[in-house]
Amino acid sequence: MANFLFSNTDTVKLAEKYGTPLYVVSEDIIVERCNEIKRDFTERHKNTMAVYASKAFLTKEMARIIKREGLGMDVVSGGELYTAIKVDFPMEKIVFHGNNKTLNEIEMAVKHNVGRIVVDNFYELDLLGKVAKKYKKKANILFRITPGVDSHTHKYIRTGQIDSKFGIPLNENIIHKAILKAMELEYVELKGFHFHIGSQLQENETHVKAIKIIASLMNEVKNDIGFITKELNTGGGYGIHYNGNEHRKPLRYFTDAIMEELEKECEKYNLERPKVIIEPGRWIVGEAGITLYTIGSIKNIPGIRTYVGIDGGMPDNPRPSLYNAKYEALVANKMDEEPKNIVTVAGKCCESGDILIWDLKVPYIESGDILAVLSTGAYNYSMASNYNRIPRPAVVMVSNGKDRLIVKRETYDDIIKNEI
Ligand SMILES: Cc1ncc(COP(=O)(O)O)c(C=O)c1O
Ligand SMILES: N[C@@H](CCCC[NH3+])C(=O)O
C-alpha cells in the first residue's frame with residue numbers, strides 16, 4: 001500500500017509516531033522559498049531587504065530557521081517579538097507592526113532596539129515619542145499608509161482600501177501633519193513609508209497601483225516639506241496554491257513588477273529609489289505545511305451526502321469557517337487507490353459550520369484512514385484555538401526524510417494551567 005511522502009517522509013508513519021491531528025512542516029520547502037527570495041530579490045536588486053511575516057507561522061524553531069537563512073522578521077505583537085528575543089534574533093532585522101500597539105509593546109520594542117517600528121496612527125506616534133525619550137533610545141520608524149487601492153481577495157484580508165482600520169489615510173494634510181510631528185520628536189527618525197494591501201493575492205496589479213500612488217506621495221512630500229523617503233516597505237500578500245484556481249507564482253512575478261514600477265516612477269519624479277522591503281508570510285510557509293488527521297465516524301445519508309469525521313477541525317484550522325477557504329486533501333495511506341467517491345470532511349467541534357472540506361474526492365474510505373490536508377502551513381497553527389477545550393496539535397518539522405518534534409502536543413493540564 002503506497003503512503004503519502006512529504007519531504008521524503010512517510011506521513012502515515014508520522015501519524016503513528018506522534019499521533020493526530022498533527023501539523024507537519026517541511027524545512028526543505030521553507031529553505032527553498034528563502035533561497036528564491038535571496039536569488040531573485042535581495043541579491044538581484046541592491047538596497048533591498050526581505051522579512052518573513054511571522055504571523056503566518058511562528059515557533060522558536062521557525063525563528064531560528066529564518067535567522068539562519070538571513071531574512072529579517074515582521075512581528076505584530078509582544079508575543080511574536082518575545083519569541084524572536086528568545087532565539088537571539090538580530091533585533092535590527094525586526095520590523096514591528098500593529099494598529100494598536102500597547103504601551104508595554106512599544107516599551108519592549110524600544111528597549112530591545114528593534115530595527116523598524118511601523119507607526120500606524122498619531123496616538124502611537126505620540127506614545128513612541130515619549131517612550132523613546134524616556135529610555136533615550138532612537139526609534140527608526142516608517143509610517144503605514146493606506147494607499148486607497150482595493151485588492152481582489154476575501155474582504156476580511158483586504159487592507160489597502162481607505163476605509164480600513166490600518167494605517168494613515170492617504171490625505172495630504174494628515175500625512176504632512178504626521179511627518180512634521182515625527183520630525184519634531186527628538187528620539188524618533190522617520191525613514192519612509194509602508195503599505196500592505198491584502199493577502200492571498202493572485203495578481204500583481206494592486207501592488208503596482210499602490211507603488212504609483214506612494215511614489216506620487218514621495219514626490220509631494222519632498223517638494224512641499226522637504227522630506228526625503230529613504231525606505232519603502234511594500235508589505236506581503238503574495239498568494240499560494242490552495243485548490244484548483246489559486247496558484248503560487250514565482251516571487252519575481254510580484255517583485256519584478258514592484259521594482260520596475262518604482263524605478264520608473266522615481267525616474268519620472270527625479271527621486272532617488274528608496275530601500276525596498278518585502279514582507280511575505282504565506283508565500284514562504286503556506287505550502288510548506290500539511291495537517292494529518294485520523295478518520296473516525298463515517299455517516300452516509302443516502303442520496304444526500306457522506307460525512308467523514310476527523311479528529312480535528314476549526315480549532316486547528318479556522319480558515320474554512322472564517323474565510324470559506326478551500327483545501328485539497330489526500331488519503332495518506334491509500335495513495336495507490338483511485339479517488340472515486342465524494343465526501344464531506346467534518347471537524348469535531350460543536351458547530352455546524354465546522355466543515356473542513358465540503359466536497360472531496362477520495363478512494364474507498366474507512367475509519368482509521370489518515371487524511372492529509374495540504375497547504376496548511378500559514379495561518380493554521382498561528383490562528384489555532386482551544387475551542388471545545390481541544391488541545392492544540394503537536395508540530396513536527398521534516399527535512400529530507402528526517403523528522404523532529406518542534407512543538408509538543410498540548411495536554412488537558414495545559415488547557416487548565418492558568419485557571420484559579
Ligand atoms: C503588515 C503586513 N505585512 C505582511 C503580511 C503578510 O501577509 P502574507 O502572509 O499574505 O504575505 C501581513 C498580513 O497580511 C501584514 O499585515
Ligand atoms: N489570517 C489570514 C491572513 C491575514 C493576513 C494578516 N495580515 C488568512 O488566513 O488568510
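Domain bounds here come from an automatic or database domain assignment. The structure is a predicted model, in which local features need pLDDT of at least 70 and side-chain atom pairs count only at pLDDT 80 or more, while totals for chains, interfaces and linings use all residues. Residues are numbered from 1 along each chain as its sequence is written, and chains are lettered from A and ligands numbered from 1 in the order in which they are written.

The protein chain is divided into domain 1, made of 5–24 + 287–416, and domain 2, which spans 27–283. Taken over C-alpha atoms, the centres of domain 1 and domain 2 are 33 Å apart. To their contact, domain 1 brings 23 residues and domain 2 brings 19 residues, where two residues are in contact if their C-beta atoms, placed from the backbone, lie within 7 Å. On the side of domain 1 that touches domain 2, helix H11 (319–323), strand E19 (394–399) and strand E20 (402–407) are the elements that give two or more residues; helices (H or I, at least four residues) and strands (E, at least two) are DSSP runs, numbered from the N terminus. E19 gives the most to this side, with four residues.

Ile30 lies in helix H2, residues 27–42. Ile30 counts as buried because it has 24 C-beta neighbours inside 10 Å, the cut-off for buried being 20 or more other C-beta atoms within 10 Å of its own, with 12 or fewer for exposed and partly exposed in between, all C-beta atoms being placed from the backbone. Leaving out residues up to four places away in sequence, Ile30 touches Ile65, Ile284, Val285 and Ala288.
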